[in-house]
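Reader: I would like to learn how to read packing in a model of this kind. Where do we begin?

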Amino acid sequence: MGPLALISSSGQSHFFVPRQAGGLPLVMGNLVIIGAQWGDEGKGKIVDILARDADIVVRYQGGSNAGHTVINERGTYIFHLIPSGILYRGTTCIIGNGVVVDPGSLIEEMDQLQTKGIAVGKNFVISQRAHLILPYHKAIDRASEQSKGSRKIGTTGRGIGPSYADKMARIGILVGDLLNPQLFKNKLDENLVEMNWFLERLHKVETFQVDKVFDQYMGYADRLKSHIVDTTILLNRAIEKNKTVIFEGAQGTNLDVDFGTYPYVTSSSAAAGGACTGTGVGPTMIDAVMGIAKAYSTRVGSGPFPTELTDEDGRGLQERGREFGSTTGRARRCGWFDSVVVRHATVVNGLTSLALTKLDVLDGCKELKLCTGYRHGNTLYKTMPADLEVLTNCVPVYQRMKGWTTATTGTTRYTKLPVEAKRYLARIEELAQCRIDMISTGSKRAETIMLRNPMDCSRRRPKRSRK
Ligand code: GDP
Ligand code: IMO
Ligand code: MG
């Protein structure tokens, strides 16, 4: 049971004691931030807030399939590859080895930021071990979706799956290979023989010419070379010097290739384990893992979604929550909060706390439903079924809760929340088996209730000042 469950019947929390004000110094640690549902939980907003206290923000998996929104007084930013800490001067942003990099899309993002006056220079580095996305990956992604018909995954079409497939098949081309033109060309030459065969014979689509792709990528190499380094050494040295690191997850636990609703998942380790394999930082260096969950559920693309609402309630959530994809613009499917899904995230990630976002979107709902389990035949599931057939055909078991009529939008203090909202949050803590550290009540930085700073998690180190 989490601390919010300690609220009294009047809705007053007995737990909320802000440590900053209480005399104990904050001791910042290394924090993994991950999605606890199917992505788009508001990771970008939370990373942006917490990056104020971080020396480094590192992305460890995924690619430009991600769309992380940050809104501050200077405008709206949607990050696909660049970590959401880039808006702070003095914070180094890293693309780790576990990411798949589309250099064209990355350069576009760097240019857009620079146009808005955000520096992307020495503060931004890319792992030489990260894998590249090549034009044939995107073509294969699109063609294979097409050929799947009604079984399609609904990918973002960014070439993510095919690039990770090449990595595992040991024919991937690394970001570091951009710095060795002959090696790059040899690998490209070999790969295109096979890829073009697939594209032409199987998928009956256009093929690629080695020279054209080579020239295009050498242009990218010129632009990116000063950013390509051994990020594993850099990160571990920084940690040795007590620098504070945020590991920024993309996607969500239920899109993780191992723990998600396979095969309707993305092709990387979005869960907390990926933070180690995707950066080369050992698990003993990580102090805490925070899961981000919306106060309801959404999903983009195909795949099982037990609490999905296809009625007025669902359309209401979609409209009020502006649930349209940050990367593809597709409408997100919406449904009630599913505690089976979030509890699964608590377990497989070892979550130490949760940030609950978009509470304001539930303002005005007369009644709310919380899914506490799934029924399939005579079986009641309290944990995530691995069987896709069960997940697709199960019926959610709901607990009904009274909604609230007063607006929570922009609320910054827990005590100001309506009592029904406090009860809803307390029940979520209980069902998710994880404490809530942050509550988000709007898309802007300030529209946040900080119950406890999750960065204050160091298990080992004395407080050091920032670099
Ligand atoms: P991410 O992929 O997890 O970073 O999430 P996205 O950026 O794709 O989607 C989250 C959307 O919700 C963005 O448009 C955010 O600006 C917005 N958002 C984040 N937190 C809140 C919140 O508490 N309330 C509302 N109304 N919007 C929020
Ligand atoms: P952020 O980081 C939501 C979904 C796609 C599709 C599946 C596989 O913004 O939370 P892919 O292109 O990765 O092979 O598609 O995963 N998906 C996301 N859904 N948010 C994301 O990222 C997603 N990234 C991929 O819609 O169902
Ligand atoms: Mg997103």
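Author: With contact, which means heavy atoms within 4.5 Å. The model is predicted. In it, leaving aside neighbours within four places in sequence, Leu354 is in contact with residues including Ala36, Met290, Val342, Ala432, Ile436 and Met438.

Reader: Which residues of the largest nonpolar core touch the most other members?

Author: In general, nonpolar side chains in soluble globular proteins tend to be buried together. Here the largest nonpolar core has 63 residues, and Phe247, Leu354, Leu359, Tyr424 and Ile439 touch the most other members. Helix α13 (residues 419-432) supplies the largest share of this core, six residues. A second, separate core has 62 residues, among them Ile118, Ile126, Val213 and Met438.

Reader: At what angle do helix α4 and helix α5 pack?

Author: An angle between helices runs from 0 to 180 degrees between N-to-C directions. Helix α4 (residues 135-148) and helix α5 (residues 160-168) pack at about 120 degrees, and their axes are 7 Å apart. The crossing of α4 past α5 is right-handed. Tyr136, His137, Ile140 and Asp141 in α4 meet Ile160, Pro162, Ser163 and Asp166 in α5. By class, the residues of this contact are four nonpolar, two polar and two charged.

Reader: What radius of gyration does the protein chain have?

Author: A compact globule of 467 residues would have a radius of gyration near 23 Å, and the 22 Å of the protein chain agrees with this. Its C-alpha trace spans about 70 × 55 × 40 Å along the principal axes. Of the 467 residues, 58% count as buried.

Terms used. Residues are numbered from 1 along each chain as its sequence is written. Chains are lettered from A and ligands numbered from 1 in the order in which they are written. This is a predicted model: local features need pLDDT of at least 70, side-chain atom pairs count only at pLDDT 80 or more; totals for chains, interfaces and linings use all residues. Side-chain values use heavy atoms; hydrogens and water are left out. A nonpolar core is a set of buried Ala, Val, Leu, Ile, Met, Phe, Trp, Tyr and Cys residues joined through side-chain atoms within 4.5 Å. Buried means under 20% relative accessible area, exposed over 50%, partly exposed in between (1.4 Å probe, protein chains only). Helices (H or I, at least four residues) and strands (E, at least two) are DSSP runs, numbered from the N terminus. A crossing is left-handed if the near helix is turned anticlockwise from the far one by less than a right angle, and right-handed if clockwise. Ala, Val, Leu, Ile, Met, Phe, Trp, Tyr, Cys and Pro count as nonpolar, Asp, Glu, Lys and Arg as charged, and the others, Gly among them, as polar. The radius of gyration is taken over C-alpha atoms; the globule rule is 2.2 Å times the number of residues to the power 0.38.
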